[in-house]
Every structure is written in C-alpha cells, then in structure tokens.
Amino acid sequence: MTQVEKQDLRNLSDVSIPEDTPDCLPVLPLRDTIVYPGTMFPILVGRENSLAAVNKAIEQDHLLFLAGQKNAETDDPQAKDLYKTGMIGQISQILRLPNSLIKVLVTGLGPARVSKFETTNGILNAHIDRVEYEKPKRIADRLKALIRKTREKFEKFVLMNQDLPEEVLTGFDNGEDERQNLFLMVSHLDLDFTEKQRFLELEDLEAQYKLLYAKVSRELELQVVSSEINEKVQDEIQETQRRFFIQEQIKALQEELDEGDFADPDLVKLKEQIETAGMPKEALDKAMEELERLKKTPQMSPEYGVGRNYLDWVTSIPWSTVSPDNLDINGVQKILDEEHFGLEKAKDRILEHIAVLNLVENLKGQILCFVGPPGVGKTSMAKSIATALNRKTVRISLGGVSDEAEIRGHRRTYIGSMPGRIIQSMRKAGTVNPVMILDEIDKVGNDYRGDPSSAILEVLDPEQNNSFNDHYLDMDYDLSRVMFIATANVASSIQPALLDRMEIINLPGYLEHDKIEIAKRHLIPKILKSHGLKNSQIRFHKEGILHIIRNYTSEAGVRTLEQQLAAVCRKVARKRVTLEAKGEKADIFKVNAALVEELLGVAKYRDRSPDRQDKPGSVNGLAWTSTGGAILQIDVATMIGKQNFKLTGQLGDVMKESAQAALTYIRSNAAKYGINPEFFEKHEIHIHIPEGAIPKDGPSAGMAMVLAILSLITGKRVRHDVAMTGEITLRGEVLAIGGLNEKLLAAQRNKLSKVLLPKDNEPDLSEIPDKIKEGLEIIPVSTVDEAIFHAYRDELVHGN
C-alpha cells in the first residue's frame with residue numbers, strides 16, 4: 001500500500017533535475033496525491049511492486065518516476081492505470097519499518113512525460129522525456145494582475161479557514177519564481193485528484209494561474225457559505241427565543257387592550273388566503289371560526305399544529321379555480337385518434353359531451369365507466385380524454401381499498417388524521433373541474449372498517465356530489481363539475497347501486513387487425529426509440545407482427561404484445577452490436593415469421609386446428625373469450641348402456657343446460673329425423689369439448705351441440721369448413737348471441753369458409769368491419785332445420 005502521511009511544503013526553489021538523470025526510471029504509483037516540483041513528501045510504501053521499485057532506486061541513484069493512479073481502488077496498477085505526466089522524485093531519507101514496510105521522504109525535482117512503459121523483472125519502468133517549464137524573462141502586466149488577484153484570494157481563504165495556520169503565507173517566495181508559489185497554493189486546496197493532476201499537466205504559467213484562480217474562488221465561496229450558515233443557525237436560535245418573548249408580550253398587551261387584530265404575520269397571511277379562496281358562505285364562516293380559535297391558542301400547544309394543518313388544507317383545495325375546456329370538437333377528435341386506435345364508443349361519448357358543452361354553459365360532471373379486460377387502454381384513454389379537454393388529471397387507485405376513511409377521510413379527533421383520497425386529489429388537481437380517474441373500481445373491498453363502495457355512492461351521484469362531506473374538513477365540497485371516469489375489468493363485480501350511477505362503456509378488446517395497427521402506429525415507434533434502433537436497421541413485416549400476436553400472446557389488450565416486440569428489439573440490438581464488434585456490416589433485420597421464431601423460440605400459445613375431414617359427431621362451434629374468439633370443437637360419442645348423458649371439458653352450468661336442451665329437442669323430434677325412440681334407452685351419450693383445463697360457459701354452443709348429437713345418431717357427416725354459434729330453444733329456434741366480432745375473426749383465422757349464426761344477429765353484421773367478414777360466407781338461420789341444410793354434407797331425410 002502506498003499512501004501519503006503528511007506533506008512537507010517547504011519551498012525548495014533551488015531543487016532541479018540533475019543533468020545525468022537516466023531516461024528510464026522505476027515507477028512508484030501514488031494513490032491520492034500529486035508531488036509538485038520543490039515539495040517534499042513522506043510516503044509509506046507497502047505494495048510488493050512499489051517496494052521493488054523503491055529498492056531498485058536505492059541501489060542506483062535514488063531517483064524514481066512518481067505517477068498518479070487513475071483509480072485509487074486499483075491495488076496492482078499497470079501502465080494503462082497510470083497518468084503519463086508525473087514527477088521525477090529523489091529519495092532523501094529512508095526508514096525501514098516492521099512488516100516489510102518502507103517510509104521514504106521524496107523530493108519533487110521536476111515534471112516529466114512518459115514515452116513508453118515497460119516491465120523488467122517484475123518492476124514497472126518508464127521511459128521519460130523531461131518537461132521544461134518556460135521561465136519568462138518578463139511577466140506581462142495582465143499575468144501580473146492575475147497572479148496578484150489569485151494571491152489575494154488565497155490569503156483571504158487561509159485567514160477564513162480555521163484548519164490552515166497563518167504561517168502558510170510565510171512560505172511564499174517573494175522573488176521571481178511564481179510557478180513555485182502556484183504549486184504551494186495548490187497543495188493547500190482541497191481538490192480532486194484529477195484537478196491536482198491537471199495543474200501538473202499544464203505547462204503555460206498563465207493557464208495554470210487561470211485554473212488556480214477559479215479553484216481558489218470556488219473554495220473561498222464555499223468557505224463564505226459555510227461561515228454564513230453557522231452565523232445563521234446561531235441567529236435563528238436567538239431570534240426564536242426573542243420572537244417567543246415578543247409574542248408573549250404582544251398577547252398580553254392585546255388581552256389588556258381587548259383588540260382583535262392578528263399579531264402573527266402567518267395568521268394574517270392565512271386570513272387573506274381564506275378571504276380570497278372563493279369559498280361558499282358556510283365554509284367561509286367555519287374557516288374564520290377556526291382561525292379565531294387558532295389565534296387564541298399558544299403556538300407551543302399541540303392544538304395549534306392541528307388547527308393550523310386544518311386551515312392549510314381548507315385554503316389549499318380549489319374552491320373556484322376552473323380550467324377552461326377545449327370545446328373544439330375537431331381538435332379533440334384529432335387528439336383522441338392520434339393517441340388511441342379504435343375504442344370508437346369511448347371517443348364518440350366524449351365528443352357528444354363536447355357538443356353539449358358547446359350548447360350549454362354549465363353541465364354537471366359526467367360519470368363514465370370503462371369496462372374491459374386488462375391492457376385494452378382504459379386508463380390511458382381516460383388520461384387522453386383529460387388532455388383533449390384541457391383539464392387536469394388525477395388518478396385514484398381503488399384496488400384493495402377496504403377502509404371507508406380512505407374515501408371520506410378521518411375525523412380530526414384522531415392523531416395524524418387527514419382528508420380522504422377525493423379531497424387529496426382535488427388539492428393535487430388545483431381546479432374544480434378535473435378529470436378524476438377511479439381506477440379498478442371493481443376491486444374495492446370491505447371489512448369491519450366500513451364499505452368504501454357506499455362512500456363512493458355519494459361521490460358518483462350527480463344529485464348528491466355537489467355537497468360531498470369529507471370527515472376531516474367537516475364542510476360541504478362541490479364535486480359536481482368533476483368528470484369521473486371509472487375503470488373496471490368486470491362489471492358484475494361492482495356493487496349494483498354503484499353500477500346504476502355510472503354510464504357503462506364496454507371496451508371488449510382488440511381484434512387482430514386492431515393489434516397490428518396499434519403495433520405499427522404506437523408500439524413499434526416507441527420501442528425502437530427506447531432501444532436505440534432506427535427504421536433503417538429493423539423492419540417489422542405484417543406477417544411477423546401477426547405471428548407474434550397469434551403464437552406468443554393470448555390477451556385482449558396489447559401489454560404482452562408490447563413485451564414481445566421489445567424482446568425482439570433487444571435480441572436484434574444484441575445481434576447488431578455483436579456483428580459490429582467483429583467488424584462485420586449488419587444488414588437491415590426484416591422481422592418476419594421465421595425471424596420471430598428464431599428470436600423468441602417455441603410458440604407459447606397454439607390454436608387447436610379444426611378437423612379437416614367431414615365426419616359424424618364432430619362440429620365446429622364458436623366461442624368468445626376475454627382474449628378474443630376461439631374455435632370450440634364439440635365431439636359426441638355413443639355407447640351401449642342404460643340411458644345416461646355425460647358432459648366433460650370443464651363446462652359451466654349454462655353450457656350444461658344448453659346441452660340438456662339440445663338432447664331434449666332431439667328426443668322430442670326423434671320421429672321427425674328418423675330416429676328410433678328406443679335408441680336413447682339403450683345408449684349412453686357423451687359430449688366432450690377439448691382443452692378441458694380451460695373453463696367454458698354460455699348458451700351460444702346450443703345449436704352446435706344439437707347438430708353434433710343428431711349427426712352422430714343419424715350417421716350424417718358435418719362439413720369441416722363450417723362453424724356455427726347460436727342459442728336454441730326446446731322448439732328448435734335459434735336465438736341471438738354476443739361477441740360476434742371475435743367469433744367471426746376466429747372463423748376467418750382458422751380458414752373456415754361458412755359461418756352459421758342466428759338470424760336475430762343479422763342487423764349486427766352492418767357494424768362488423770369488412771376485414772373480418774372477408775372470405776366468409778355468413779348465413780343467418782332461424783331454426784335448427786335451416787342449420788342442418790347448410791352444415792351436413794349428406795342430406796338428412798326427415799321422417800313423417
């Protein structure tokens with residue numbers, strides 16, 4: 001280990017580099033100091049390489065090359081770890097200590113610069129070129145002025161610094177060696193190692209003094225600030241005592257004179273804030289009453305802090321500040337379209353709100369609820385609405401909230417009480433008409449501390465929220481101008497009374513072509529920017545994006561899609577950097593299906609392909625899921641046995657009832673379809689829907705179950721390219737279903753050519769995008785018999 005114990009800053013102006021100094025000297029690395037010309041330093045040497053260098057110098061001519069380390073933490077510095085500009089040092093004294101340590105007194109002779117490092121017998125040596133400082137014959141007037149200013153500042157610094165003795169100033173050389181005086185001043189400044197090294201590397205005297213002047217000025221400013229802080233602390237202590245004494249005197253005089261003026265400037269300011277806040281009369285009276293009580297309360301009393309905190313809250317929440325709405329309906333639509341693709345129902349509702357605001361002066365706050373699966377953009381859409389309306393946004397996360405006080409606040413009788421989240425959010429917004437996002441409202445809990453849903457009822461009721469009463473404020477607050485936007489994943493989880501107060505806007509999720517557009521317009525540009533990639537380096541093909549959507553994501557939103565796109569960009573970035581490190585040119589990466597599989601590996605999600613053969617007892621149904629549409633293959637088998645009906649595939653109660661209704665319809669119409677009535681008494685029927693690990697429910701598979709059972713019993717084959725959906729009645733009628741978008745998309749994705757759907761859903765086809773209907777023959781049917789005609793490969797001969 002090499003370290004400096006203490007500096008000997010004696011002025012050795014007559015010291016110089018001997019003429020016979022060799023050009024190659026052993027190197028002694030220094031961790032945390034710089035040896036300047038004409039200064040002596042005691043150095044403790046303990047590292048093995050450093051000991052070897054010192055011993056070699058002692059054996060030769062006592063000369064060393066002193067080089068500073070770039071990183072003081074390096075224990076075994078090599079040539080690359082050392083600065084090339086250093087000092088030629090001469091060992092003046094040697095003291096050998098226990099544990100193989102050596103203490104040497106080194107004198108700085110003059111600077112030198114390394115031309116080459118080399119290691120010989122484990123000792124690092126340096127080939128050096130001497131640096132001759134130019135000694136000007138006459139110092140210019142400008143430089144003289146700079147030197148004088150620098151010395152004046154340094155003298156002032158020494159006199160202000162209690163850690164430096166005044167004797168330091170006696171070490172100045174009053175002769176002509178101003179460079180030696182410079183090094184003396186540098187040695188007493190608290191500089192970083194790199195700053196000290198900089199003085200050694202500079203050769204021009206004026207440049208050195210300019211740098212020194214800046215450093216001395218900085219240190220002097222820090223010393224002045226430190227002194228001011230110490231004085232201020234002492235003054236504040238005395239001022240506090242003096243202020244308390246004066247306040248007590250004023251209070252006594254006020255009581256004597258019975259005057260009601262406010263003596264405390266803070267209370268005067270608080271009174272002005274109350275009067276200018278724009279509060280209604282009831283709130284104003286209560287605030288002034290609290291202020292009067294605060295005036296009579298000693299500042300040292302705990303009650304003073306409670307009352308002062310209350311008034312701070314009352315004056316900090318907005319009472320009359322309104323942000324002007326952006327009523328440009330075209331501008332609002334442009335902002336919403338730029339930030340979100342799709343979500344037309346939510347956009348239309350906001351544009352309707354803007355239209356009404358253009359016709360009426362005031363409109364009570366609207367209460368909307370966006371319901372949809374995770375990742376479809378509910379919260380971000382709400383924020384975009386606020387941006388488009390030019391309103392402030394505040395968000396309250398209600399997930400897991402189970403304490404009513406979180407909404408209404410705590411009464412002031414409790415220690416540490418504060419307003420609820422509603423009032424806190426209004427204070428944060430700073431206006432009376434923000435957009436308040438109530439996130440995850442379907443996940444509000446309740447326990448022994450109360451039901452937060454009941455407290456939210458008052459907030460979301462337009463007839464009541466103009467006088468919302470927070471327990472902490474204990475005064476009515478008007479929330480009627482706030483636009484509330486709640487978000488939820490499932491509407492059925494919301495309390496019915498709460499649900500009744502909100503306008504539900506369903507965001508069912510994005511279809512495949514929606515996700516592709518979102519990826520192109522929003523996700524990919526954002527991801528490329530965050531990963532430092534350009535369009536000229538990577539190009540996403542539609543085929544590649546679609547492959548990611550179908551095989552690496554299973555969601556209604558786009559969160560996982562964004563993660564997978566980011567994974568592709570990370571891997572492409574790594575490939576580019578690797579190729580460039582090898583000196584190879586990296587071509588543009590075209591992200592297609594093959595490259596996606598190469599980068600992301602085996603597909604995480606695989607659609608079960610429908611059968612490609614016509615056969616009895618197997619029908620393609622269509623199902624809606626939270627992540628989109630899916631093909632529901634329904635298989636039926638019969639076996640000899642007593643009358644029995646078995647259902648497997650983790651079916652819900654509604655689907656089980658649909659299967660029972662399908663069987664009842666066939667049995668009641670057995671003669672119509674030429675079925676022997678004794679068949680059902682001697683056979684067991686088993687309906688299975690594959691992928692049993694996934695729960696399935698709903699009535700829309702009723703028509704498919706009828707055709708599957710009837711197909712197996714009659715032996716008639718069902719076309720493999722036909723899919724169907726529809727609820728049935730016991731009379732064979734086909735009723736309307738939901739999720740038509742997703743179901744048609746599933747049929748198109750699985751390359752089916754014909755889809756049977758209820759005739760009651762025919763009007764809904766006008767709202768289905770043409771991209772989804774492309775390539776599909778959509779046939780509305782109203783009865784099971786119509787479906788049989790289009791689905792069976794073989795003609796089914798009806799009985800009488």
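Colleague: In this predicted model, at what angle do helix α9 and helix α10 pack?
Modeller: Helix α9 covers residues 329–339, and helix α10 covers residues 344–359. Their axes lie 10 Å apart. The packing angle is about 160°.

Colleague: Is α9 roughly parallel or roughly antiparallel to α10?
Modeller: The angle is about 160°. Angles over 145 degrees count as roughly antiparallel. So α9 and α10 are roughly antiparallel.

Colleague: Which residues of α10 make the contact with α9?
Modeller: The crossing of these two helices, α9 and α10, is right-handed. From α9 come Ile329, Val332, Gln333, Leu336 and Asp337. From α10 come Lys347, Ile350, Leu351, Ile354 and Ala355.

Colleague: How many nonpolar residues does the contact of α9 with α10 have?
Modeller: The contact of α9 with α10 has 1 polar residue and 2 charged residues. Its nonpolar residues number 7.

Colleague: Now α7 and α8. Is α7 roughly parallel or roughly antiparallel to α8?
Modeller: Helix α7 (residues 281–295) packs on helix α8 (residues 302–316) at about 150°, with axes 10 Å apart. The cut-off for roughly antiparallel is over 145 degrees. Therefore α7 is, relative to α8, roughly antiparallel.

Colleague: Is the crossing of α7 and α8 left-handed or right-handed?
Modeller: Two helices meet here, α7 (residues 281–295) and α8 (residues 302–316). Where α7 passes α8, the crossing is left-handed.

Colleague: How many charged residues are in the contact of α7 with α8?
Modeller: On α7, the contact uses Lys286, Ala287, Glu290, Leu291 and Leu294. On α8, it uses Tyr304, Gly307, Arg308, Tyr310, Leu311 and Val314. By class, the contact of α7 with α8 has 7 nonpolar residues, 1 polar and, as charged residues, 3.

Colleague: Is α2 roughly parallel or roughly antiparallel to α3?
Modeller: Helix α2 spans residues 141–160 and helix α3 spans residues 178–187. They pack at about 30°, with axes 12 Å apart. Angles under 35 degrees count as roughly parallel. So α2 and α3 are roughly parallel.

Colleague: Which residues of α3 make the contact with α2?
Modeller: The crossing of α2 and α3 is left-handed. α2 supplies Ile147, Thr150, Arg151 and Phe154. α3 supplies Glu178, Asn181 and Met185.

Colleague: Is Thr431 buried or exposed?
Modeller: Thr431 sits in the loop between α13 (421–429) and β10 (435–439). Its relative accessibility is 5%. Buried means under 20%. Therefore Thr431 is buried.

Colleague: How far is the C-alpha atom of Thr431 from that of Ile317?
Modeller: Leaving out residues up to four places away in sequence, Thr431 touches Pro318, Thr321, Ser323, Lys392 and Met426. Thr431 and Ile317 are 114 residues apart along the chain. Their C-alpha atoms are separated by 8.2 Å.

Colleague: How many residues does the largest nonpolar core have?
Modeller: Phe370, Ile385, Ile538, Phe540 and Leu565 have the most contacts inside this core. Beyond four places in sequence, Phe540 is in contact with Ile524, Leu528, Ile545, Leu565, Val568, Cys569 and Val591. A second, separate core, which includes Trp313, Val394, Ile423 and Ile494, has 50 residues. The largest nonpolar core has 55.

Colleague: Among contacts between residues at least 6 apart in sequence, what share joins residues at least 24 apart?
Modeller: The protein chain has 25 helices and 25 strands. Of its 800 residues, 48% are buried. Among the contacts you name, the share joining residues at least 24 apart is 74%.

Key:
Residues are numbered from 1 along each chain as its sequence is written. This is a predicted model: local features need pLDDT of at least 70, side-chain atom pairs count only at pLDDT 80 or more; totals for chains, interfaces and linings use all residues. Side-chain values use heavy atoms; hydrogens and water are left out. Axes are lines fitted to C-alpha atoms, for helices over the stretch in contact, and angles run from 0 to 180 degrees between N-to-C directions. Helices (H or I, at least four residues) and strands (E, at least two) are DSSP runs, numbered from the N terminus. Angles under 35 degrees count as roughly parallel, over 145 as roughly antiparallel, 65 to 115 as roughly perpendicular and the rest as oblique. A crossing is left-handed if the near helix is turned anticlockwise from the far one by less than a right angle, and right-handed if clockwise. Contact means heavy atoms within 4.5 Å. Buried means under 20% relative accessible area, exposed over 50%, partly exposed in between (1.4 Å probe, protein chains only). A nonpolar core is a set of buried Ala, Val, Leu, Ile, Met, Phe, Trp, Tyr and Cys residues joined through side-chain atoms within 4.5 Å. Ala, Val, Leu, Ile, Met, Phe, Trp, Tyr, Cys and Pro count as nonpolar, Asp, Glu, Lys and Arg as charged, and the others, Gly among them, as polar.
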